[in-house]
Amino acid sequence: MNASDEPNLAFDIDALFSHLVEVLEVDLSVPMDWTFTLRGTEIGQLRSIAETLDEFTCELEEAVEEIDDKGRLSLGRPMLSVVKTGALVPSEVKKIADRMQQIAERTGIEYEGVEVFDAIDDDELFDWLSLDEAVWRLRHFSDSGLNPGEELPWVFLLMGDTLEQMQKLAAALIEGGFENAQADEDPDEAGRFGVFVFQEGSNDEERLAGAHNQIVKIATEHGAALDGIQFLSEEDFVDVTVDLDD
């Protein structure tokens, strides 16, 4: 069979399921993220479509970096990812795909097909990660379409025994080049105090490991330890913290 004769798994749902089971040996009883992609010329139009899809998780991207077959980088059209998480069967995926195609035909945008990824639940998504776990999370992001080197916020949590200790650590981190290091004045349930380090990071394993090692070195010098890493901006971190507390 020539490459051109092979089924397009983004549109051939039966072939996609066969590939998952026979080639990848995926357990279809485990919930996964089924992601249907729509592309248009105006982010506002895609946002309006997303507002009609309450039963899905919708993710909007105003500009998506793309690499052509010659390795040239450019910004592509706005994209709407419509995600359904579950242990779906072919008929369910086909029904959603048909709906996406109908939306595309009605609105003049393009339906680019479906992909499937391992699902990450909310509890796992917002847990603090070790460096190894954070590296695997980056690989998951890459599998989900995040380009190498693309901007991605990082936040590091460091823990120590006293507020004074952590305030001194925050000052040392700022002096060491981590400008947005903040000591939290409220102790956790165990009476420990934390420092949050927010950084404009990227989808780059080596750069993440370098920042991790530098932060851990400064923390160790102040008797503190790294509690974990997450991929959230300061604004999103505040929003998530509020939501989890509620």
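1. Contact here means heavy atoms within 4.5 Å. On that basis, among contacts in the protein between residues at least 6 apart in sequence, 72% join residues at least 24 apart.

2. This is a predicted model, in which local features need pLDDT of at least 70 and side-chain atom pairs count only at pLDDT 80 or more, while totals for chains, interfaces and linings use all residues. Residues are numbered from 1 along each chain as its sequence is written, and side-chain values use heavy atoms, with hydrogens and water left out.

3. The protein has eight helices and 10 strands, taken as DSSP runs numbered from the N terminus (helices H or I, at least four residues; strands E, at least two). Of its 246 residues, 38% count as buried, that is, under 20% relative accessible area with a 1.4 Å probe and protein chains only, whereas exposed means over 50% and partly exposed lies in between.

4. Helix 1 (residues 13–23) and helix 3 (residues 90–107) have axes that come within 10 Å and cross at roughly 135°, the axes being lines fitted to C-alpha atoms over the stretch in contact, with angles from 0 to 180 degrees between N-to-C directions. The contact is made by Ile-13, Asp-14 and Phe-17 of helix 1 together with Pro-90, Val-93 and Lys-94 of helix 3.

5. Glu-200 lies in strand 9 (residues 193–202) and is exposed, its relative accessible area being 74%. Leaving aside neighbours within four places in sequence, Glu-200 is in contact with Leu-152 and Arg-207, and its C-alpha atom is separated by 9.6 Å from that of Leu-232, 32 residues apart along the chain.
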